[in-house]
Amino acid sequence: MDTLTFDLTDPTQYHEGISQAASAIARGGIVVFPTETVYGLGADATDERAVSRIFEAKGRPSDNPLIVHIADREDIFLAASSVPPDAMRLAERFMPGPISIVLPKNDSLAPNVTAGLSTVAVRLPVCREARDFIRAAGRPIAAPSANISGKPSPTRAEHVIRDMNGRCDVILTGYDCEVGLESTVVDMSVFPACILRPGAVSAKMLSEVLGYEPRSSYKEKLTGAPKAPGMKYTHYKPDAKVTSVAGSDFAAMAAFIRGELEAPEDGTVRGAIVFDELIPLLSGCPNLYPLGSIERPDVYCARLYDALRWCDTEGIGEVWVTSPPPGGISDAFLNRLDKASDVTVEL
Ligand code: TXA
Ligand code: MG
């Protein structure tokens, strides 16, 4: 199919892009749009046929529910049937922002949005382009990340164009996604609240508003039916074999990675995704992707998916990735890296 693409960083394309995207939604089409976390692939959340096109375009299993996006906080009731007081306090504090709140669903949503669950995850992005698009569409927008299922989520224009050109009606591109990792998913339909997926809104930030520490079910071993259905699928993987390397001694980490990169040639292209502090210690090694300083969690989180995609564009067959200490948004980085990794090494 023909895909119309608009660059929303170009003021001459902004209004035309938003209006073409809104009319594609009205026709039951699907639209890629930027958010501060990752790019989304959206459809009218009340239109079952349109929503089924999202699953087809991504190659996504249909038992994995989608997040419903709104443009303004009062629109929460377009997606949810009720908002308990604790959930409302989270919404008032963190929306707009990189959080999705799981609530009892509004029955006007198409059944395939929630994969048959009685709850829905609701998200109000900060990103101006996303909100202008959703407001112009005038509908709640069901949207997963705009990657082909299983691949790293898209955080840059070139990522979505590579994955989705020819598979959707409109692509809106914007600046690189500022957060770069998907929203925190917190289930407020249960007590105590439960973090299903870590993101930029950390457990500590949530507990400051809730007055208690939420559970973190993503840390628990998966047995039986997972609560966030998405958690059971392989995610975020490049074609390369990924080894995550944890440690606090940069010299030891660099020595280990150098040893792997300089291993005898066997036809596999090797590379490493490393904190900037290791770059001088790896001088002379090929295929290094600088993640940013270990002092800048915001930067290395924003770069992780670009780094994983870089492996595929460079034809890298085996990659080593340095991992940060836990805490705050680094918990989200560690969660995604863990899912992408085949092997973990602790030094
Ligand atoms: O940052 C984000 O959240 C991005 C942007 C586009 O907003 N969206 C995103 O969507 O990451 P997706 O579909 O890739 O991830 C949605 C996650 C999945 O793990 C899914 O299982 C979970 O949220 N989820 C959705 N609805 C749920 C529900 N009712 N109950 C529990 N988990 C749910
Ligand atoms: Mg996703």
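Reply:

Asp163 is buried, with a relative accessible area of 11%. (Buried means under 20% relative accessible area, exposed over 50%, and partly exposed in between, with a 1.4 Å probe and protein chains only.) This is a predicted model: local features need pLDDT of at least 70, side-chain atom pairs count only at pLDDT 80 or more, and totals for chains, interfaces and linings use all residues. Residues are numbered from 1 along each chain as its sequence is written, chains are lettered from A and ligands numbered from 1 in the order written, and side-chain values use heavy atoms, leaving out hydrogens and water.

Asp163 lies in helix α6. (Helices, H or I with at least four residues, and strands, E with at least two, are DSSP runs numbered from the N terminus.) What does Asp163 touch, not counting residues up to four places away in sequence? The answer is Ala146, Asn147, Ile148 and Arg309. (Contact means heavy atoms within 4.5 Å.) The side chain of Asp163 also reaches the backbone nitrogen of Ile148, at 3.1 Å.

The domain assignment gives domain 1 (4-219) and domain 2 (241-346). (Such bounds come from an automatic or database domain assignment.) Their C-alpha centres lie 29 Å apart. Between the domains, 25 residues of domain 1 are in contact with 16 residues of domain 2. The buried area is about 1,600 Å², and carbon and sulfur atoms give 54% of this. (Buried area is the accessible area, with a 1.4 Å probe, that two parts lose on being put together, summed over both.) Pro152, Leu181 and Pro198 supply 35% of the area that domain 1 buries against domain 2, more than any other three residues.

Four salt bridges are counted between the domains. (A salt bridge is a side-chain nitrogen of Lys or Arg within 4 Å of a carboxyl oxygen of Asp or Glu.) The side chains of Arg156 and Asp306 meet in a salt bridge, at 3.1 Å from N to O. Helix α6 (residues 157-164) gives the most to the side of domain 1 that touches domain 2, with four residues.

**Helix α5**

Now look at helix α5 (residues 128-137). Its buried residues are Glu129, Ala130, Arg131, Phe133, Ile134 and Ala137. Their cover includes α1 (11-26), β2 (31-33), β4 (67-69), β7 (141-143) and β8 (170-173). Gly138 follows α5, and its phi is positive, near 70 degrees.

Next comes Arg139, which forms a salt bridge with Asp44, with the closest N and O atoms 3.2 Å apart. Arg139 lies in the loop between α5 and β7, and Asp44 in strand β3 (residues 40-44), so the pair ties together parts that are 95 residues apart in sequence. Arg139 is partly exposed at 34% relative accessibility, while Asp44 is buried at 8%.

Asp72 and Arg135 also meet through their side chains in a salt bridge (3.1 Å, N to O). Asp72 lies in the loop between β4 and α3 (76-79) and Arg135 in helix α5, so this pair ties together parts that are 63 residues apart in sequence.

Salt bridges that share partners join Asp72, Arg128, Arg131, Asp132 and Arg135 into one network.

Terms used: A polar contact is a pair of N or O atoms within 3.5 Å; within protein, one must be able to donate a hydrogen and the other to accept it, and residues adjacent in sequence count only if both atoms are side-chain atoms.
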